[in-house]
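Here is a short briefing on helix packing and a few individual residues. Please keep the sequence and the model open while reading.

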Amino acid sequence: MNAHRPALFGFAVGGAVLVLLTMNTLPVYTQDAGTPMVITLDKALEIAAKQNRDIQVAAQDRLKAEAQITEARAGAYPQLNVSALYTRNIKNAVMFVPPNSLINPSSKTMTIEFGSANAYQAGATLTQPLLNWRVGVAMDIATTYSDYVERAYQTTQEDVALQTKKAFY
């Protein structure tokens, strides 16, 4: 996934160099006033920091790392499961009792109807993990990844600033 990042980074830096070199030789005019716009080193660094694709990707990686920490932490929170069931019985259940038995002393088979036309059932379960090693390991992994991504973001910012300064001068 990241195998093409150096090539893209080089392409982005080359494009930034070309744009900045062109800005040194050609005046840039604002749309409304028609006066040339002067780009200082600070302005060039600001533009590069806002519009560089590598910095944008690194910023998205930071958001992803934060989401992974939240996901790992969620394993330690209580969980509530709620369920409900409704059954409409067209016909009630019937039990047949054979003749000449203890319950049915007559000579005919007796039928006993039981149940109701509507049946309702509801339930809720609340679980709270007290000790779960997986949550701790997941938090450690997510935190380590977050630290790595933060360092990569800072490195990307520094690389873009260096390339912008080289292109500016």
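At what angle do the axes of helix α3 and α4 cross, and within what distance do they come? They cross at roughly 165° and come within 9 Å. The model is predicted.

**α3 against α4**

- Helix α3 spans residues 53-74.
- Angles over 145 degrees count as roughly antiparallel, so α3 and α4 are roughly antiparallel to each other.
- The crossing of α3 past α4 is left-handed.
- Sorted by class, this contact of α3 with α4 holds 14 nonpolar, five polar and six charged residues.

**α2 against α4**

- The axes of α2 and α4 are 10 Å apart. The packing angle is about 135°.
- That angle makes α2 oblique to α4.
- α2 passes α4 in a right-handed crossing.
- By class, the contact of α2 with α4 has seven nonpolar residues, one polar residue and one charged residue.
- On the α2 side, the residues that meet α4 are L41, A44, L45 and A48. On the α4 side they are V160, A161, T164, K165 and F168.

- Helix α2 runs over residues 41-51.
- Which residues of α2 are buried? L41, A44 and A48 are.
- Why do they count as lying on the same side of α2? They cover an arc of only 60° around the axis, and this puts them on the same side.
- D42 and K50 are exposed, on the other side of α2.
- L41, A44 and A48 are also among the α2 residues that meet α4.

**Residues along α4**

- M139 lies in helix α4. Leaving aside neighbours within four places in sequence, M139 is in contact with I69, A72 and R73.
- M139 and Q68 are 71 residues apart in sequence. Their C-alpha atoms are 8.6 Å apart in space.
- T143 is also in helix α4. T143 has 35% relative accessibility, so T143 counts as partly exposed.
- T143 and A72 are 71 residues apart in sequence, while the C-alpha to C-alpha distance is 9.5 Å.
- Is T156 buried or exposed? T156 counts as buried because its relative accessibility is 16%, and the cut-off for buried is under 20%.
- Not counting residues up to four places away in sequence, T156 touches D54, I55 and A58.

**A loop residue with positive phi**

- Where is N100 found? N100 is in the loop between β4 (93-97) and β5 (110-114).
- N100 is not a glycine, yet its phi is positive, at about 55°.
- N100 counts as exposed because its relative accessibility is 62%, and exposed means over 50%.

Note on methods:
Residues are numbered from 1 along each chain as its sequence is written. This is a predicted model: local features need pLDDT of at least 70, side-chain atom pairs count only at pLDDT 80 or more; totals for chains, interfaces and linings use all residues. Side-chain values use heavy atoms; hydrogens and water are left out. Helices (H or I, at least four residues) and strands (E, at least two) are DSSP runs, numbered from the N terminus. Buried means under 20% relative accessible area, exposed over 50%, partly exposed in between (1.4 Å probe, protein chains only). Contact means heavy atoms within 4.5 Å. The arc is that of the directions from the helix axis to the C-beta atoms. Axes are lines fitted to C-alpha atoms, for helices over the stretch in contact, and angles run from 0 to 180 degrees between N-to-C directions. Angles under 35 degrees count as roughly parallel, over 145 as roughly antiparallel, 65 to 115 as roughly perpendicular and the rest as oblique. A crossing is left-handed if the near helix is turned anticlockwise from the far one by less than a right angle, and right-handed if clockwise. Ala, Val, Leu, Ile, Met, Phe, Trp, Tyr, Cys and Pro count as nonpolar, Asp, Glu, Lys and Arg as charged, and the others, Gly among them, as polar.
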